[in-house]
Amino acid sequence: MRNQASPDTGVLPLRPAAALRPAALPAPAPAPAAPAPREPLWRDLVGDVLRRERLAQERTLKDVADTARISMPYLSEVERGRKEASSEVLAAAARALGLGLGDLLSRAQGELVRVTGRRAPADRSTARAPYDGLCLAA
């Protein structure tokens, strides 16, 4: 038994015509839902800011580490977000780059806002704090 193909195609179907109907095909599985984007880690943001500033100044890791009086491998790990640096280490690294600790943290906060695309809730009262800054507690 042979199925009839359109004379202009020159192709003979391998299955009976009934099996070629779209209704016989199973429905495609729905695409899995994409996971929600993960909040960046603070240490990654601070490390990115330190590295960008160092590279913008065209300074070596060794130069900044020596000026900050911290080890070069440790500063490298801080820049890569592998270590959670203390406020003293962050302040020393910032000073070595000509920044204050507040400058470093403000830039990291700006990066956080840029990456997440979110600002602080509008209903937050500013009566308690006369500044729109960032507060870290250890």
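User: I'm new here, so let's start with the first helix. What covers the buried residues of α1?

Analyst: Several other helices do: the cover includes α2 (61-68), α3 (72-79), α4 and α5. Keep in mind that this is a predicted model. The buried residues of α1 are L45, V46, G47, V49, L50, E53 and R54.

User: Let's zoom in on one residue. Is E53 buried or exposed?

Analyst: Look at the relative accessible area; under 20% means buried. E53 comes out at 17%, so E53 is buried. Its place is in helix α1, which covers residues 42-56.

User: Which side chains does E53 join through polar contacts?

Analyst: There are two partners to look at. Another, of 2.6 Å, joins the side chains of E53 and R107. Leaving out residues up to four places away in sequence, E53 touches L97, L99 and R107.

User: On to α5. Which of its residues are buried?

Analyst: They are L104, L105, A108 and E111. Seen down the axis of α5, these buried residues fall within an arc of 115 degrees, so they line one face of the helix. What they pack against is α1 and α4 (87-96).

User: How far apart are the end C-alpha atoms of α5?

Analyst: They are 22 Å apart. That agrees with the 22 Å that the 16 residues of α5 (residues 101-116) should span at 1.5 Å a residue. After α5 comes G117, with a positive phi near 70 degrees.

User: Now salt bridges. How many does a search of the whole structure find?

Analyst: The general idea is that side chains of opposite charge can pair when their charged atoms come close. In this structure the search finds nine salt bridges. One of them brings together the side chains of R43 and E84, at 3.7 Å from N to O. That pair links distant parts of the chain, 41 residues apart: R43 is in helix α1, while E84 is in the loop between α3 and α4. R43 is partly exposed at 30% relative accessible area, and E84 is exposed at 52%.

User: Where in the chain do R54 and E79 sit?

Analyst: R54 is in helix α1 and E79 is in helix α3, 25 residues apart. Their side chains meet in a salt bridge of 2.8 Å, N to O, and both residues are buried. Another salt bridge joins the side chains of E77 and K83, at 3.9 Å. E77 counts as partly exposed at 27% relative accessibility, and K83 counts as partly exposed at 34%.

User: Last thing, confidence. What is the mean pLDDT of the chain?

Analyst: The mean is 80, and 64% of the residues reach 70 or more. Over residues 126-131, though, the pLDDT is below 50, and this stretch has zero contacts in the model beyond near neighbours in sequence.

Note on methods:
Residues numbered from 1 in each chain as written. Heavy atoms only, no water. Helix = DSSP H or I, 4+ residues; strand = E, 2+ residues; numbered from the N terminus. Buried < 20%, exposed > 50% of the residue type's maximum accessible area, 1.4 Å probe, protein only. Polar contact = N/O pair within 3.5 Å; in protein donor to acceptor, adjacent residues only side chain to side chain. Contact = heavy atoms within 4.5 Å. Expected span 1.5 Å × (residues − 1). Arc of directions from axis to C-beta. pLDDT = per-residue confidence, 0-100. Salt bridge = Lys/Arg side-chain N within 4 Å of Asp/Glu carboxyl O.
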